[in-house]
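Reader: I have a model open and want to talk through its fold. Can we start with the overall layout and then go into details?

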Amino acid sequence: MKELSLHILDIAMNSVKAGASLVEIGLEEAGGTLTLTVADNGRGMEPEFLASVADPFTTTRTTRKVGMGIPLLKLAAEQAGGAFSIESAPGEGTALTASFQTGHLDNPPLGDMAATLVSLIQGSPGIDFTYTHTAGGGVSSLDTRELRAALDGVPLDTPDVLAWIQNSIEEEERGLSQ
Ligand SMILES: Nc1ncnc2c1ncn2[C@@H]1O[C@H](COP(=O)(O)OP(=O)(O)O)[C@@H](O)[C@H]1O
Ligand SMILES: [Mg+2]
């Protein structure tokens with residue numbers, strides 16, 4: 001079973017490829033349901049394309065005939081007793097929601113969110129990412145806009161900065177699961 005953090009990496013990469021300058025990732029755990037949201041301000045999708053984007057035979061990539069990122073996340077959510085939806089408007093952006101029943105036998109493990117966020121930031125240090133994970137009254141979060149302001153010109157992909165992000169998210173995630 002693929003970890004949710006790897007699905008999130010795939011989905012956020014779509015936002016990056018769509019030219020987004022801001023990608024907002026949310027995870028909310030409450031009442032036995034985990035809800036993932038990924039929203040971006042990228043180029044968006046035309047309604048006809050959007051209608052079939054969760055179908056594994058839809059992609060605009062030329063290197064590979066079959067685009068699987070979205071269909072695989074939809075399948076993972078449905079297999080865990082959850083649901084999937086996506087909204088998009090050309091020139092405005094895209095927002096996707098996937099829910100999972102956390103007690104379901106096929107609920108995927110979250111995996112390494114710190115590694116996912118560090119990969120995204122390292123790969124696209126000019127793009128802003130926000131991450132907010134709430135569970136049991138606790139929160140794990142990151143906002144590269146705030147970090148950028150605090151760093152005063154030091155790039156986000158500086159090794160020390162990436163290491164700090166990694167440690168900070170790992171620590172906050174550990175706090176959530178206690
Ligand atoms: N956030 C997004 N903004 C704009 N277009 C998107 C976004 N996410 C996906 N798409 C479009 O949907 C297609 C299918 O995405 P996906 O299922 O992840 O497969 P792949 O990325 O391998 O093509 C992409 O090729 C792209 O054209
Ligand atoms: Mg993709």
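**Fold and packing**

Author: The protein chain has 6 helices and 6 strands, where helices (H or I, at least four residues) and strands (E, at least two) are DSSP runs numbered from the N terminus. This is a predicted model, in which local features need pLDDT of at least 70, side-chain atom pairs count only at pLDDT 80 or more, and totals for chains, interfaces and linings use all residues. Residues are numbered from 1 along each chain as its sequence is written, and chains are lettered from A and ligands numbered from 1 in the order in which they are written.

Reader: What pattern does the protein chain follow along the sequence?

Author: It reads α-β-β-α-α-β-β-α-β-β-α-α. The radius of gyration of the protein chain is 16 Å, close to the 16 Å from the globule rule for 178 residues, so the chain is as compact as a globular protein of that length. That radius is taken over C-alpha atoms, and the rule is 2.2 Å times the number of residues to the power 0.38.

Reader: How much of the protein chain is buried?

Author: Buried residues make up 31% of the 178. A residue is buried if 20 or more other C-beta atoms lie within 10 Å of its own, exposed if 12 or fewer, and partly exposed in between, with C-beta atoms placed from the backbone.

Reader: Fine. Which residues have the most contacts inside the largest nonpolar core?

Author: Ile8, Ala12, Val38, Leu117 and Phe129, in a core of 37 residues. Such a core is a set of buried Ala, Val, Leu, Ile, Met, Phe, Trp, Tyr and Cys residues joined through C-beta atoms within 7 Å. Helix α4 gives the most to this core, with 6 residues.

Reader: And Leu117, what is it in contact with, leaving aside neighbours within four places in sequence?

Author: Leu117 is in contact with Phe129, Tyr131, Leu142, Ile165 and Ile169. Contact here requires C-beta atoms, placed from the backbone, within 7 Å.

Reader: Switching to strands. In which sense does β1 pair with β5, parallel or antiparallel?

Author: Parallel, over 8 bridges. Leu22 has Asp128 as its bridge partner in β5. Two strands pair if DSSP finds at least two bridges between them.

Reader: What about β1 and β2?

Author: Those two pair in the antiparallel sense, over 8 bridges, and Gly26 is bridged to Thr37 in β2. They form a hairpin with 2 residues between them, and Gly31 in the turn has a positive phi of about 55 degrees.

Reader: Which residues of α3 are buried?

Author: In α3 (residues 69-79) they are Ile70, Leu73, Lys74, Ala76 and Ala77. They cover an arc of only 160 degrees around the axis, so they sit on the same side of α3; the arc is that of the directions from the helix axis to the C-beta atoms. The buried residues of α3 pack against α1 (4-17), β3 (84-89) and β4 (93-101). Gly81, with a positive phi near 70 degrees, follows α3.

Reader: Which residue other than glycine has a positive phi near 50 degrees?

Author: Asp152. Most residues other than glycine have a negative phi. Asp152 is in the loop between α5 (144-151) and α6 (159-176), and is exposed, with 6 other C-beta atoms within 10 Å.

Reader: Last one: where is Phe49?

Author: Phe49 is in helix α2 (residues 47-51). Phe49 counts as partly exposed because 14 other C-beta atoms lie within 10 Å. The C-alpha atoms of Phe49 and Trp164 are separated by 40 Å.

Methods:
Contact = placed C-beta atoms within 7 Å.
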